[in-house]
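Colleague: I would like to learn how to read a model like this one. Could we go through it feature by feature?

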Amino acid sequence: MAHQRKDTLQQLTTKLANTKAVIVIEELNVAGLLTHHHLAQAIAAVGFAECRRQLGYKASWYGSQVVVADRWYPSSTMCSGCGWVDAARTLAERVFRCRTPQRPECALILDRDLNAAINLANLAGSSSERPNACGAASSGLSQTAPMELAVRKQEPNTQ
Ligand SMILES: [Zn+2]
């Protein structure tokens, strides 16, 4: 079983690094990953840190980029339509509803996970436009994963 899990993780990270130009992962959001991914058992057994490590060096091999949203990035509490952060949101709310008084015309209503995915995609897009996105020694880049870019966010996550 242990070998099967390791093999599954190797195949997953190889497939991601070899087929995706940009891979966005959320630092320490292991609980969210485990509840939504069909390979949760394998990832849980081998460890999220190992998954991240493999993505780092395989991204270097295949020329893809790993973007790490830090643990405070408000992926699930920020409106993907207007950027408003709902500090009062709870994890139990499955649907994101934009209620910002500053932009009432936004009124975005979206599945929580889809809203978070859009925010992470937007984060990856803004990261890849940075001149040093491929491994310069700035903004908290990992020593062991030169293609990895750590992205800082503006407001604390209240999940
Ligand atoms: Zn909004």
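Predicted model: local features only at pLDDT ≥ 70, side-chain atom pairs only at ≥ 80, totals over all residues.

Colleague: What share of the 159 residues is buried?

Modeller: Buried residues account for 38% of the 159. Contacts can be read by separation in sequence as well. Of the contacts between residues at least 6 apart in sequence, 63% join residues at least 24 apart.

Colleague: Now a helix pair. At what angle do helix 1 and helix 4 pack?

Modeller: Take the angle and the distance between the axes together. Helix 1, residues 2-19, packs against helix 4, residues 48-62, at about 40°, and the axes lie 9 Å apart. Helix 1 is therefore oblique to helix 4, as angles under 35 degrees would count as roughly parallel. The crossing of the two helices is right-handed.

Colleague: Which residues of helix 1 and helix 4 meet?

Modeller: A helix pair is read by listing each side. From helix 1 come Leu9, Gln10, Thr13, Thr14, Leu16, Ala17 and Asn18. They meet Glu50, Cys51, Gln54, Leu55, Tyr57, Lys58, Ala59 and Tyr62 of helix 4. By type, the residues of this contact comprise eight nonpolar, five polar and two charged.

Colleague: Why do residues three or four places apart in an α-helix point the same way?

Modeller: An α-helix has 3.6 residues a turn, so residues at that spacing point the same way. For helix 4, the buried residues are Phe48, Cys51, Gln54, Leu55, Gly56, Lys58 and Ala59. Among them, Cys51, Gln54, Leu55, Lys58 and Ala59 also belong to the contact with helix 1.

Colleague: How far does helix 4 reach from its first C-alpha to its last?

Modeller: Compare the span with the expected value. Helix 4 has 15 residues and spans 21 Å, close to the 21 Å expected at 1.5 Å a residue. After helix 4 comes Gly63, with a positive phi near 75°.

Colleague: Is Trp61 buried or exposed?

Modeller: Relative accessibility settles that. Trp61 sits in helix 4 and counts as exposed because its relative accessibility is 58%, where the cut-off is over 50%.

Colleague: What about loops, and where is Ala107?

Modeller: Ala107 is in the loop between strand 3 and strand 4. Its phi is positive, about 50°, although Ala107 is not a glycine. At 45% relative accessibility, Ala107 is partly exposed.

Colleague: Which residues is Leu108 in contact with, leaving aside neighbours within four places in sequence?

Modeller: Leu108 is in that loop as well, between strand 3 (95-97) and strand 4 (109-111). With those neighbours left aside, Leu108 contacts Cys79, Ser80, Gly81, Phe96, Arg97, Cys98 and Asn115. Gly81 is 27 residues from Leu108 along the chain, and their C-alpha atoms are separated by 6.5 Å.

Conventions. Residues numbered from 1 in each chain as written. Heavy atoms only, no water. Axes fitted to C-alpha atoms, helices over the stretch in contact; angles between N-to-C directions. Helix = DSSP H or I, 4+ residues; strand = E, 2+ residues; numbered from the N terminus. Parallel < 35°, antiparallel > 145°, perpendicular 65-115°, else oblique. Left-handed = near helix turned anticlockwise from the far one by under 90°. Contact = heavy atoms within 4.5 Å. Nonpolar A, V, L, I, M, F, W, Y, C, P; charged D, E, K, R; others polar. Expected span 1.5 Å × (residues − 1). Buried < 20%, exposed > 50% of the residue type's maximum accessible area, 1.4 Å probe, protein only.
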